[in-house]
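Open the model in your viewer and keep the selection tool at hand. The tour goes stop by stop.

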Amino acid sequence: MTITDEDCLAETLEFNEGFAATAASRPAREGVPDAALLAALRHNRLAGDVPPVRLPQGRDRVIAGGVKARVFVPDHVDGVYLHIHGGGWAFGSADGQDERLWRLAEQARLAVVSVEYRLAPEHPFPAGPDDCEAAARWLVDHAAAEFGTQRLLIGGESAGAHLSVVTLLRLRDRHGITGAFRAAHLLFGPYDLSMTPSQRLFGSKRLLSNTDALRGSYELFTPAMGTEQRRDPEVSPLFADLTGLPPARIVVGTEDPLLDDSLFLAQRWQAAGAAVQLGVVAGAMHGFTLFPLTITERELSRERDFLSTAGL
């Protein structure tokens, strides 16, 4: 395992410490949020207290089966990136990262299609995966006509990374589709919802995610399931057969309770025969790309470089 960005470690750890101190001054959220809190969390930018910025370059579309998406199309398009947002399957939105996605679209010359999948607890598993699957199938069938290219990429952050892998597996297992998506970009995802050792042992540190927060997210997303049921490969892709999947870039921080998930997935992905780039960022907590850090700018640059060249 190669750890990157150690030269930024002091800045990163100082930010983590300040984040945890601020979080400790607020009451901990336990259990399923009530309707008012859920609405407030969904209204604001992930990990922030203000609404996200909506850019005029983004267009709201309705695609396959009524699934909604936010679409960004730059002047030059060399591929299409199916983006799946994070937020513990219960928060976040397709228009929650307009600035980042538009910058990626322009710099990597990609049309970006961000899926507005249904959220838990109103729509638990399998609603979100169903919507992502439908969006992916729509792109397989319509990308050439819509965007002038059949070079497809997929990826997301946190729950979005999980849903990206689930989507690739569904395309393969349900529709016999392999190779349509030429690469996957997976940021700090949970791939074992029965909880890897790093998830169980992380404890109560008040960073963006911790053991209790993860457990609560799984209760929202899969409310009728116990630990053994969450090991089903359709729920936890770490237990799936990973053959036939495309090259991937998998990224996680050393201070993320999901560290093991990325390490284990990278090992299994490579063992299944696909190329893997594994990035482990020194000191980074879960969701670090949401914050104004040196490691964030570096990671977004690496993401752009990967997506601009993958599958060419």
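Does S217 count as buried or exposed? Select S217 and look. The model is a predicted one. S217 has 18% relative accessibility, so it counts as buried. The cut-off for buried is under 20% relative accessible area.

**Stop 1: helix α7**

Colour its buried residues: T211, L214, S217, Y218, L220 and F221. What lies over them? The cover of these buried residues includes α4, α5 and α6 (197–201). Return to S217 and show its contacts. Beyond its neighbours within four places in sequence, S217 is in contact with G88 and W89. Then go to the start of the helix. There, a side-chain oxygen of N210 reaches to within 3.2 Å of the backbone nitrogen of D212.

**Stop 2: E157**

Next, select strand β6, residues 152–157, and pick out E157 in it. Its relative accessibility is 6%, so E157 counts as buried. Which side chain does E157 join in a polar contact of 2.8 Å? Select H83: the two side chains are joined there. Now show everything that E157 touches, leaving out residues up to four places away in sequence. The set is H83, I84, H85, G86, Q97, R100, L187 and F188. Keep Q97 and R100 in mind for the pocket stop, where both return.

**Stop 3: the cavity**

Rolling a probe the size of a water molecule over the atoms shows where empty space is left. How many cavities of 30 Å³ or more does the structure hold? It holds one. The largest cavity has about 70 Å³ of space. To find it, select L168, L171, R172, I177, T178, G179, A180, F181, G244, L245 and P246, which line it. Helix α5, residues 159–175, gives the most to this lining, with three residues. Colour the lining by class. You will see seven nonpolar residues, three polar ones and one charged one.

**Stop 4: the second largest pocket**

Move on to the second largest pocket, with a volume of about 480 Å³. Its lining has 24 residues, and R45, G96, Q97, R100 and L290 are the closest to its centre. α2 (35–43), α3 (98–108) and α9 (294–309) each supply at least two lining residues. Which of the elements gives the largest share of the lining? That is α3, with four residues. By class, the lining of this pocket has seven nonpolar, nine polar and eight charged residues.

**Stop 5: salt bridges**

Side chains of opposite charge can pair when their charged atoms come close. The structure has 27 salt bridges. Here are a few to visit.

- Select R70 and D60. Their side chains meet in a salt bridge at 3.1 Å, N to O. The pair links distant parts of the chain: R70 is in strand β3 (residues 68–72) and D60 in strand β2 (residues 58–62), ten residues apart. R70 is buried, with a relative accessible area of 2%, whereas D60, at 52%, counts as exposed.
- Select E133 and R170. This salt bridge is 2.6 Å, N to O. E133 sits in helix α4 (residues 127–147) and R170 in helix α5, so the pair ties together parts 37 residues apart in sequence. E133 is buried, with a relative accessible area of 8%. R170 is buried too, with 7%.
- Select R249 and E299. Their side chains meet at 2.6 Å, N to O. R249 lies in strand β8 (residues 248–255) and E299 in helix α9, so the pair ties together parts 50 residues apart in sequence. Both residues are buried.

**Last stop: the network**

Together, D5, D7, R249, R298, E299 and R302 are linked in a network of salt bridges. Helix α9, where E299 lies, is also one of the helices that supply at least two residues to the lining of the second largest pocket.

Key: Residues are numbered from 1 along each chain as its sequence is written. This is a predicted model: local features need pLDDT of at least 70, side-chain atom pairs count only at pLDDT 80 or more; totals for chains, interfaces and linings use all residues. Side-chain values use heavy atoms; hydrogens and water are left out. On a 1 Å grid over the protein atoms alone, a cavity is a set of points where a 1.4 Å probe fits but cannot get out, and a pocket is an open set with protein on both sides within 12 Å along at least five of seven lines; lining residues have an atom within 4 Å of a point. Grid points are joined across faces, edges and corners, and a volume is the space filled by probe spheres set on the points. Ala, Val, Leu, Ile, Met, Phe, Trp, Tyr, Cys and Pro count as nonpolar, Asp, Glu, Lys and Arg as charged, and the others, Gly among them, as polar. Buried means under 20% relative accessible area, exposed over 50%, partly exposed in between (1.4 Å probe, protein chains only). A polar contact is a pair of N or O atoms within 3.5 Å; within protein, one must be able to donate a hydrogen and the other to accept it, and residues adjacent in sequence count only if both atoms are side-chain atoms. Contact means heavy atoms within 4.5 Å. A salt bridge is a side-chain nitrogen of Lys or Arg within 4 Å of a carboxyl oxygen of Asp or Glu.
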